[in-house]
Amino acid sequence: MNAPAQHPAAVRTTCPYCGVGCGVLAKPDGRGGAVIAGDPEHPSNFGRLCSKGAALGETLGLETRLLHPMLRQNGALRRAGWDDALDRVGDGFSRIVKEHGPDSVAFYLSGQLLTEDYYVANKLMKGFIGSGNVDTNSRLCMASSVAGHRRAFGADTVPGTYADLDEADLIVLVGSNAAWCHPVLYQRMIANKRERGAKLVVIDPRRTATAEEADLFLPVAPGMDTALFCGLLVHLAGTQAFDSAYVDSYTTGFAEALIRAREIAPDAKAAAQLAGLAPSDVARFFDLFTSTPKVVTCFSQGVNQSAQGTDKVSSIINCHLATARIGRAGMGPFSLTGQPNAMGGREVGGLANQLAAHMSFSAVEIDRVGRFWNAAAMAQREGLKAVDMFDAVSRGEIKALWVMATNPAVSLPRAGFVRDALGKLELLVVSENVTSNDTVRANAHVLLPAAAWGEKDGTVTNSERRISRQRPFLSLPGEARPDWWIVTQVARRMGFADAFAYRSAADVFREHAALSEFENDGARDFDIGALAQIGDNAFDAMPPVQWPARAGVAKNETRFFADGRFYTADGKARMIAPEMPRPQADLSAEFPFRLNTGRVRDQWHTMTRTGLSPRLGAHLPEPFVEVHPDDAAENGLRSGGFARLTSPYGSCVLKVIVSEGQRRGSLFAPIHWSDEYASAARVGGLVTPAVDPYSGQPEAKATPVSVAPVEFKYRGFALSRHRLTMPAGCWWARAAVAGGEGVLLASDDAPDDWRARARSAFGADCEIAEYIDAPASIYRMAAFDGGRLVGCLFIGPAAHAPQWDAVKALFEVEHLGATQRRGVLSGKSTDGLAEPGPVVCACFGVGLNTIRAALRDSTATTVEDIGKALRAGTNCGSCLPELKKIVSEKSCVAQPA
Amino acid sequence: MTGGIGPGTMSEPLVIIGNGMAAARLVEELNKRSLGRYAIAVIGEEPRLAYNRVLLSSVLAREVSRGDIELKTAAWWRKHGVTLLYGHRAVSIDADIRRVRLANGATLPFAKLVLATGSRAIRLNVPGMDLPGVITFRDLGDVASMEQAAKTHKRAAVIGGGLLGLEAAYGLAKAGMDVSVIHLMDRLMERQLDARASAMLKDTVEAKGIAVHLNGETAAIKGDRRAGQVLLKDGRSIDADLVVVAAGIRANSDLAVTAGLDINRGIAVDDHLQSTKADIYAIGECAEHRGVCYGLVEPAYEQARVLAAHLAGEKAAYAGSVLATNLKVSGVNVFSAGDFTGAPGTESIVLSDRGLATYKKLVLKDGRLAGAVLFGDTLDGLWYSELIRTGAAIGAMRSDLIFGRALAERSLAEAAPPQPKPLAA
């Protein structure tokens, strides 16, 4: 009988990337990795995964992981025990609060945290330290949607569900490159288009991959979305689509909103002019919207990351309220969340302008939450939002900061300023997965090893309010611990043991659910009271749940607002009159371009996870800037060259991609590259600190910049099994490759300098192979260890930059064959080249395999034939004896390659 | 002894003096082109059929047998109607009456005469050269002497670290002797290799158990009744019971003197390999073409081919050979061709792999390949020789050239621009 298979079962969990919240099946391989597949039963993705999700298995390695606490001692970070580290954090925060008051400390959290982590951190700061200074990287991502929702609905409510994307007849994507940033949802939209004929309108300054499938693409001028939707509101008001009964009964502010809309865009033509669009395209959009009741308007960072993001959200919601197209199947405004748990963070109130559980800082709510928590010191007012928080850090007003699961030294506007500010803190605590990132290197005093995806246990909420479990399928490595545990331990040290007596994530979740229903009675949208009593086993097995999940309700509604009941004081929705749209900062002769920032398909945030995947690194390995061809020509930029982007806050050097899809006068650069991954590509360092007045969200997509060509004499690449340290003064970008890392580089340093560097980088223990074409300024080297390629460096004139694909392929091979090794430094593939074998005829360079092949296929049967066919043996004849032997051999098996 | 009678009654007598590799190749080439036009007689001093001299060290190393190195069988010579006079020495030529006199007094008439007398080893002008145990390395007789010495003696010294010397040293080592190579210059094979390849060669030779003494100028060979030591001018002394002198060769041109031919370092020939007298030709190591005496088999074969064509009435001219060197030492692949010194105006490309002990240097001039040195990986030597010979423009192949023909030619094909589409009407 066979023994039962020892393979563990697949664990159901949730993807840690975007806000779609796809279900993942992770099957541990027993060697610290896992086989990843989409969960066919998860209602968000039904088994599909995007490129990032599918490559999760490549990101589980421990090479870059922080595995034990570290404390700064005498200027250097040194390994420490948990007790010492937690004491340092607890004592530090207690002391600074005591000396300088609660607002002298802050937490900066992340949409990567689980709801349970978020909950305890928020509770500690707002209920026990007594400050509202909890903000999160969701501020950079979702805050304008939150503000827009709260302004219109009285609560941060996403009215619709993903099913609406299947049932809509018109899908409008505003400021969303869903094809790259929410790929699984985008495929759902495309399926609707294909199967039901739904129309797709894409509104974006940039012709992205998403626009490729659009029925109508509107290349809106940066920041002018509001003009377009004001024009739409004006247009709708005069059509059958306008639902005066709904507007009259369930909303207020329509008249003012319409007057303002008319001021901004009295008609389609005016809207077109403001938005920089063709009037006929705008008219077509308005007609489509008007004549299609089932319309979903999805919006994302193009709307949110704006100094007028909240107004943009409002102008979109206005159009849906005016037509009562909200909360019904296939209809509604739909915010696509950027992060896996931005929604969960919003639910616990992990933003400076929220208190907890969708409650804010009214006296009643402060009192209610305080009673529920049995709080020692309730925060009495909103805290500082992200940009203001780091300003306060820089001014020295905030003296202790705890950063969890995010990298503000890269991602915040003026990232350079932020990094400098971090250096001024008395106490910088960083809870991290990785040993090094730009924030860690900004003078962190305490590093705490946090559990990572695959180890963490808790819940996340996706864009459609669906709470899914993230379950562990790997054991905690080293001394890593869950974030909720770390915060709990610190809270206990600060004297709050009773309120932080959690033993598990389930304990935290139950309390979170209980707070959501505490004195609620339908007054608050967020209510998951049905889960407040969930047992540990049931929590472990909990299937995805969409909220609301009110206790005692047999079947909760899955959508909001079709019934016209809103969460404002009077129960009516507010229609908002937006301000005249314009980007906050004007262009100037010095900074004549508008810099748009965003994501690329295969990277996530600052690459600390996706940067580990060779597959993902292959898509767009270098930080780049996209430029319109005419702008490129006028500014001396060429595709494949380099450009320096400069704003008043910083500068970057990026690879140039000339693209017709780019709008004239606009540049696009991805946000992902940090100082860990590139020499000068921290695009956050350029971004203006201008923020939306309501949401505090930075205007990340409209910074005035200048652009100028940068020339390097030489370009090349290196591959290595270990991390390479790059010299100052050269341009470089790191990318994961199978079995190591790759570095693309450009430099003015001569090939001889690189030769010296390569020889020291790859050590004396390796066998070194070199290719030197000094007159052509080409130097290439490869280091071998026992037949395995362990490193290489290729450098040559920039005009003929070496390509790394073939070498990368050889780098993955465990043991190189003779022909492969011979060809490594050619940089070309040796696939399909004959393996001639050892030389038999030296005069004519004829190898043993070639001769045997000729004998095998009967090209030759005698030594004379071999001479005629291959010339072997016909010159000096010294190989004739060997040829005779070969011919006489019975077996003619070619030597293995 | 009378002249050979060829198959055709109208055949002109063609006499070849020398029964070596050049002669054998000439006969072979002639038989391809002009069967019956000439009645061929070959006069050879060595008492045996022509053999492959290149393989002498392999015989010594017992990698091949004596029989294996015979170039053509007796039957082959017979079948092709060649009168073989081996074991005979030609002593003079009377160009006016067109006759060759042999040592036994016989004379042979000729219509055409080809001198393929080869070369002989240079003997050093130092004391002790006449001692027993001091030999050169030229023919099977020398091999026999060396084999004999190996049976009774242990220590051998080879004077000369060139191609021939190293091959002799290798053969002696394989035959079981402790071998030292004494070389005048500061590196081995300095005329065929650059410094780096020479150094690698030295390492490889030493790894085979052969001692190498560089900068060694022989002062004397000492010994009582037999060679016992080689004394160098700087005072070094190397014990050796057998001393093989392989310090260079000199063209055998004594016979040509009797014919009144012009002689420099060798017998002066023109592009038809004709000497300064009509119908008398010279090929191989005895000939000097455009001031160059070649010491390798390949130029001899090229000359044989051109001369055969010329004698067959075809238009053919010899323009000189690109020197390509292959060292015949088992497991040591060394190749060089053309001008690899890296003279001003040239560009060098180098590829090396320390782990594989390979090294390649290509020297380009004006966008063409001018020279090549290969160590360890000689697979593409011939291709490089051809590129040097034809002077083909390297162009886009430059960066792939050193990685060998297969890769370079494929890359070239892949990079070729697509055929232009015909313009629409």
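This is a predicted model: local features need pLDDT of at least 70, side-chain atom pairs count only at pLDDT 80 or more; totals for chains, interfaces and linings use all residues.
The model counts local features at pLDDT of at least 70 and side-chain atom pairs at pLDDT 80 or more, while totals for chains, interfaces and linings use all residues. Residues are numbered from 1 along each chain as its sequence is written, and chains are lettered from A in the order in which they are written.

Me: How do you know how confident the predictor is in chain A?
Reply: Look at pLDDT, the predictor's confidence in each residue, from 0 to 100. Chain A has a mean of 93, with 98% of its residues at 70 or more.

Me: What sets residues 1–5 of chain A apart from residues 890–897 of chain A?
Reply: Over residues 1–5 pLDDT stays under 50, and there are zero contacts beyond four places in sequence. Over residues 890–897 pLDDT stays under 50 too, but that stretch has 12 such contacts. Two residues are in contact if their C-beta atoms, placed from the backbone, lie within 7 Å.

Me: Why are H3(A) and H20(A) called roughly parallel?
Reply: Helices here are DSSP runs (H or I) of at least four residues, numbered from the N terminus. The axes of H3 (residues 115–129) and H20 (residues 483–493) of chain A cross at roughly 25° and come within 7 Å. Angles under 35 degrees count as roughly parallel, so H3(A) and H20(A) get that label. Their crossing is left-handed, a name for the near helix being turned anticlockwise from the far one by less than a right angle.

Me: Which residues make that contact, and of what classes?
Reply: Among them are Val120(A) and Leu124(A) of H3(A), plus Trp484(A) and Val487(A) of H20(A). Ala, Val, Leu, Ile, Met, Phe, Trp, Tyr, Cys and Pro count as nonpolar, Asp, Glu, Lys and Arg as charged, and the others, Gly among them, as polar.

Me: What makes domain 3 and domain 4 of chain A neighbours in contact?
Reply: 16 residues of domain 3 are in contact with 12 residues of domain 4. The domain 3 side has 11 nonpolar, four polar and one charged residues. The C-alpha centres of the two domains lie 27 Å apart.

Me: And which element of chain A gives the most to the side that touches chain B?
Reply: In total, 30 residues of chain A are in contact with 34 of chain B. Strand E30 (767–773) and helix H27 (818–823) each give two or more residues to chain A's side, and E30(A) gives the most, with seven.

Technical notes:
Domain bounds come from an automatic or database domain assignment. Axes are lines fitted to C-alpha atoms, for helices over the stretch in contact, and angles run from 0 to 180 degrees between N-to-C directions. Angles under 35 degrees count as roughly parallel, over 145 as roughly antiparallel, 65 to 115 as roughly perpendicular and the rest as oblique.
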